[in-house]
Amino acid sequence: MIQKTETTTYYDIVGIGNAIVDVLAKVGDRFLTERNLSKSCMTLLDAQTAGKIYADIVPEREVPGGSAANTVAGLASLGGAPAFIGKVHDDALGQEFTRDIGAAGVDFFTPPLNEGPVTGRSIVLVTPDAMRSMFTYLGASAYLSAADIDENIIKASRITYLEGYLLDYKHGMEIAVKAAETAHKYNRQVAFSLSDVSCVTGKEEAIVAFVKEHIDILFANDAEICALFKGEDFYKCLDLIKPMVEIAAITRGAKGSVIVNGRTKTFVEAETVENVVDTTGAGDLYAAGFLYGLTQGRSLGTCAIIGSIAAAEVITHYGARPEVSLRGLVRNKLLSYGKQA
């Protein structure tokens, strides 16, 4: 749980990651196969390839996104106090991102680029089975540097939350290590999300070493944790992660989630969702709910329930940000489950 220190905290969470705008579009599976595009994962693109895909779609919506940014926006909707560190260009999309994240209740002070690549964007293609396939041009977000890691903000935050997509940057590991070491310098906790199988593949040994040395709380889904340990036995992978972190929160889609804490495994059912529209952001919002519960001193099981409620809301509509007040939704759900709101 969160350790109290003499240093004052102002934020529950500071999220660090990509500052990008999501371009959402509905397509059929044929659209992906004809262009040899990978389904249900994140693929990095250069500007030219991203432009070609963009020219072939009819955008449904354009909304500010980014994994850690979605998480802190979700935490704000729950009533928490978050901050965000990420890089945009001072262009129209960058200004839109800055306005939107501020309106969501998130403090964002990272200076923008005034020259160089434009604000990053992720083309999110949603197929009829509600699965999302992301094709991302990092743009300005890849220009985040260790110098942007604001020690004062991390010092003022109970938990520093890092997204796995950071490791796609040339200097991503340097950024992640600096943030983690700064947080631990002030006796803060560090959370890390594996984010996507593509973030793990080819970096397994480096990520395992990073997690062992720097991470207190790990988020992953079942495919990501198995990719990390290059195994297919999910339960064996749970045993492998057990000694590495204080808490591991592993999501399993409709099967719910498993929380590993020392020798204890807590299994929590998923929320029932009648109509799944778009799974974009489910993991981000699960992390938001879980971390909110943790900063409020709730039990790990209740943290997982709050995470599941937040994730269930975001998959009922397009986009990775909540469309209702999660604070009210969670309060009512917990009361209906006989738990203190």
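Colleague: Is aspartate 12 buried or exposed?

Modeller: The classes rest on relative accessible area, where buried means under 20%, exposed over 50% and partly exposed in between, with a 1.4 Å probe and protein chains only. This is a predicted model, in which local features need pLDDT of at least 70 and side-chain atom pairs count only at pLDDT 80 or more, whereas totals for chains, interfaces and linings use all residues. Residues are numbered from 1 along each chain as its sequence is written, and side-chain values use heavy atoms, with hydrogens and water left out. Because its relative accessibility is 10%, aspartate 12 counts as buried.

Colleague: With which residue does aspartate 12 form a salt bridge?

Modeller: A salt bridge requires a side-chain nitrogen of Lys or Arg within 4 Å of a carboxyl oxygen of Asp or Glu. For aspartate 12 the closest N and O atoms are 4.0 Å apart, and the partner is arginine 158. The pair links distant parts of the chain, 146 residues apart, with aspartate 12 in strand E1 and arginine 158 in strand E9; strands are DSSP runs of at least two residues, helices (H or I) runs of at least four, both numbered from the N terminus.

Colleague: Which residues are linked in a network of salt bridges with Arg30?

Modeller: The side chains of arginine 30 and glutamate 34 meet at 2.7 Å, N to O, and both residues are exposed. They are separated by about one helical turn, because they lie four residues apart in helix H1. The network links Arg30 with Glu34, Arg35 and Asp56.

Colleague: Which side chain does that of glutamate 271 join in a polar contact?

Modeller: Glutamate 271 lies in the loop between strand E14 and helix H11, and it is buried because its relative accessible area is 15%. A polar contact is a pair of N or O atoms within 3.5 Å, where within protein one must be able to donate a hydrogen and the other to accept it, and residues adjacent in sequence count only if both atoms are side-chain atoms. At 3.4 Å, the side chain joined to glutamate 271 is that of lysine 333.

Colleague: How many disulfides does the count come to?

Modeller: A disulfide is taken as a pair of cysteine sulfur atoms within 2.5 Å. By this rule the count comes to zero. For cysteine 41, which is in no disulfide, the nearest cysteine sulfur is 10.0 Å away and belongs to cysteine 199.
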